[in-house]
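Please load the model in a viewer and keep the selection panel at hand.

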Amino acid sequence: MLETHLSKGNKSHAEKLRRGFLSSYAGKTTLILIALLALIPVIPLFTAWLSVNGDLWSHLWQTQMAGLLKNTLLLSLLVGIGTFLLGVSLAWLVVIYEFPGRKILQWCLMLPIAIPPYILAFVFLGFTDFGGALHQLLDFTGLPISWLPDIRNSFGVSAVFILSLYPYVYLLMRASLLKKGRTSYESARTLGYSKIAAFWKLVIPMTRPAWIAGLALVLMETLADFGAVSIFNYDTFTTAIYKSWFGLFSLETAAQLASILLLIVFLALLSERWGRGNSRYQESGQEFNQFKKRLTGISGIGALIFAWLIAALAFILPLIQLVYWSLISTGYGQTVLDLLVSTLWLALIATIVTLVVAIIMVFAQRLLQNRSSPQVTWQLASEAGLSGYALPGTVLAVGVVLSFNAIENWLNIGQWLTGGILVLIFAYLIRFLRIAHGPVANSMEQIKPSIIEASMSLGASKKERLWRVYIPLLRPGVLTALLMVFVEVMKEMPATLLLRPFGWDTLSVRIYELTSEGEWQLAALPAVMLVAVGILPVIYLIRKSES
C-alpha cells in the first residue's frame, strides 16, 4: 500500500513538473514570438545602409542634414523645457493651493491631451494668419496688426507642442504630489528654507520619477510627430523621411534617415532611464492635498488667470474655433461621415487585434512569474515586444514596408501584402501594443495567486476559472485598453498616411490633405470628430480618479 501511494505521489509530482515545463515553454515561446514581430520593422532600417545612394546623400548632407539636426534637437529642447515648467507649475498649483474654480480647473487642464498637435497647429495658424480671427478682432477694435509676430518658426511650433503635450507631465506630477507626504517639505520650511528653495531642493528631486516619465512621453511624441511640423513647414527628420520616400522616390534613403531618428529616440529613452535611475522616494505622513493653502487677493486672482489662460489657449478657444469653422463650412458633411465610418472600422479591427495579442502576452507573463526559470530572459523579451511604442509613425511605416516587400519577394506574390489593410493593422499592433498591455497587466496584478488556488480547491476547471475569475477581474483593464487603443488608432496620422490602402482615407489623413492646402475651415469638421472621440478616455480617467 505504501509503495502504491509513493508511486502515485511520484507520478503526481512528475505530472506537475511536466505541466510546469510545458507552461514555461509556452510562455517563453509566446513572448519571444511577439518580440520577433516587434523587431521585424527595425532590422531593415539598419540593413538599408548596405546600399547607399551616394548622390542623394551628398545632396542631403550639403543642403538639409545640418538643418534637420538643428531643428529636431532645438524643438525637443524647447518642448521639453516648456512642458516641464508648465506641467509642474500647474500640478503644484492645483494640488497645494485652494482658489476659486480649482476643482473644475484641475480636470479642465487634462483636456488638451484630447487635441493632437497637428489639429492644434492648423487652428493656431488659421487663427493668426492674415484675415484670420485675430486679425479681424484687431481690425474691429482699431488696433494695429503690424506688431503681430510670425509664428511659423521654432518658437511657434514649440508653443503648439507645449500646449498640446504638457498634460503628460501635469497628470503624472499631479498624481505624484497627491501620493507624496508633506512632512519633509514642512520640515525644510521650519529649518529656514524658503518656499522656492524647499520646492527645488526637495519636491523636484522627490517627484523626479514622475516628471521624467512625463518628459519621456513628451519627447517621444515630439520626435514622432509629422503632422504639426509639416503644417508649419518646419523640417525635421519625420518630414525628411516622407520627402525622401515620396519626393526623391528612394525608400532606402528614407530608411537610412529613419534609422538615424530611431537612434535619437533610443538616446532619449536612455537619458530618461539614466535620469530616473533607481530612485525610489518613499515618504509617510500627510498628503500634500490635505494642507491646501487658500490663495486670496492678488495671488488668487493671478493663479486663476494663469491656469485658465492655459486651459483656454490649449483647449477652450481651439475647440470654439473648430466648431465655428465646422458650422460655416457647407457641402462636406456626407464625405466626412464616410470618412468617419472607414476610420471607425479601421480602429475597431486594429483595436481587437492589439487587445488579443496584449491579453495573450499578459497570460504568458503570468505563466512565467512563479517559475524557477531565469526572469531576465522573458523580461527582455517582454520589453522588446513592447518597444514599438518608441517607433515614430514614419519610422515604423518605412520599416514595415521594407519588411513586407522582402516577404513578398521571397514568396513571389506581388504586392498582395503591402497593397492591403494587413500592413496597416500590423503597424498599429506594433505601435500600440504597449498602450493595450499596460492596463491589462495592471488588472492581472490584482488577481492574486491565492484567488486562483482557492478556485482550484473548489473544483473549478480551467474553463470555469477563465470565465468566472479572470474575465470579470480583467474587465476594467480590458475596457481601459480598448478605449485608449481605439482613440490612438483614430488619431494616428503618419503611419496611416504612408501605409493606407489606395482609396482608404481616414479623418486624420483628410485633415492632413486639407491643411496642406490651407483649407482650415474644411479640415475643422473631421478635426471636431477626432477631438470628440479623444475626450472619451480623458473623461474616463477623470471619473476613475474621482471614484
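Is R500 buried, partly exposed or exposed? In this predicted model, R500 is partly exposed, its relative accessible area being 24%.

D505 counts as buried because its relative accessibility, 16%, falls under the 20% limit.

Now select helix α23, which spans residues 507-515, and display R510 and E513. These two side chains meet in a salt bridge at 3.2 Å, N to O. The two residues lie three positions apart in the helix, so about one helical turn separates them. R510 is buried at 17% relative accessible area, whereas E513 is partly exposed at 25%. Salt bridges with shared partners link R500, D505, R510 and E513 in one network.

Move on to D235 and K243. Their side chains form a salt bridge with an N to O distance of 2.9 Å. Both ends are partly exposed: D235 has a relative accessibility of 30%, and K243 has 43%. Across the whole structure, a search finds eight salt bridges.

The largest nonpolar core comprises 163 residues, and the members that touch the most others are I119, F122, W211, L322 and V398. Helix α19 (residues 422-445) contributes the largest share of this core, 15 residues. Centre the view on W211: beyond its neighbours within four places in sequence, W211 is in contact with F84, V88, V169, M173 and I204.

Terms used
Residues are numbered from 1 along each chain as its sequence is written. This is a predicted model: local features need pLDDT of at least 70, side-chain atom pairs count only at pLDDT 80 or more; totals for chains, interfaces and linings use all residues. Side-chain values use heavy atoms; hydrogens and water are left out. A nonpolar core is a set of buried Ala, Val, Leu, Ile, Met, Phe, Trp, Tyr and Cys residues joined through side-chain atoms within 4.5 Å. Buried means under 20% relative accessible area, exposed over 50%, partly exposed in between (1.4 Å probe, protein chains only). Helices (H or I, at least four residues) and strands (E, at least two) are DSSP runs, numbered from the N terminus. Contact means heavy atoms within 4.5 Å. A salt bridge is a side-chain nitrogen of Lys or Arg within 4 Å of a carboxyl oxygen of Asp or Glu.
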